[in-house]
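I opened the notebook to record what I looked up in this structure. The entries follow in the order in which I made them.

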Amino acid sequence: MMPKRLSKSNVSSKETDSDTRPSMWLSVSYQPVSLFSLKRSDATSMAARSNLVPTPYAIKMALLKVLLESQGHLHRNDFDTWISHQFTWIRDLQVYIQPPERLVVNRNGYKLRYYDQTADKADKSRPTVPMQDGFVFREWVHLEGNLQICSGLTQHSQELERLFAQINYFGKRGCFFQYLPHATVQTEQPQWQPNPNQSFTVQPMDDLGDKSTFSKINPFSTQKAQLDKDRIIKPGFLPLELRGSSARYDFYQRI
């Protein structure tokens, strides 16, 4: 007895279901478990000020990272088609960040020895790796309270929730966050949005451009991302008020 051939509607039922799902906003929360640091987009290699919270670009890169690690091996034969679809809906997410109740920015300056790329390129025949001394400036942020992220509108809220649950750090490696499953909420409207009238701190927020593609942000691709096209930077408003400051620290409190 020959098995029944699946109809076209049955084959594409998964795609049809995703197209008919209502678009929702997803709000998730993380508890910081270590210091946070993420270079600002205008930082140099030697003097790097840190963002106070992860940017939409950093959050979307974290989503893509866990997506590729968990599902990429299942799409060896149709990877280009699959990642193009997945990248598009992640790229188009609108992301709002609610900072924790209190933040302390610690400033650190120290000397270190690091690899001298200029000397290495000038003399490829040298037998040793060129090193040089330098004074670097770094900032580390202590977050007290939960970091909240609201993203949408999307018909992939269930898949998005699974991806957020797998993220364990934002920014530099080692800046760990603990996902809080009990604080995850799906709503028809965002739970919060930036309000310039109630925000006292401005942070540059980088994000993916509307027409950016996976090949542009893929480090293994020959295509290069262009600033203000594939990666855009806009001012972001945070409901934080500077309550104290010195040469070594800044103290912010959420309004």
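I looked up Y115 and found it partly exposed, at a relative accessible area of 38%; the class lies between buried (under 20%) and exposed (over 50%), with a 1.4 Å probe and protein chains only. I located Y115 in strand β4, residues 102-115; strands (E, at least two residues) and helices (H or I, at least four) are DSSP runs numbered from the N terminus.

I noted that this is a predicted model, in which local features need pLDDT of at least 70 and side-chain atom pairs count only at pLDDT 80 or more, while totals for chains, interfaces and linings use all residues. Residues are numbered from 1 along each chain as its sequence is written, and side-chain values use heavy atoms, with hydrogens and water left out.

I then examined T213, in the loop between β9 (201-208) and α7 (214-217). T213 counts as partly exposed at 33% relative accessibility. I found a polar contact of 3.1 Å between the side chains of T213 and S215; the term denotes a pair of N or O atoms within 3.5 Å, one able to donate a hydrogen and the other to accept it within protein, and residues adjacent in sequence count only if both atoms are side-chain atoms.
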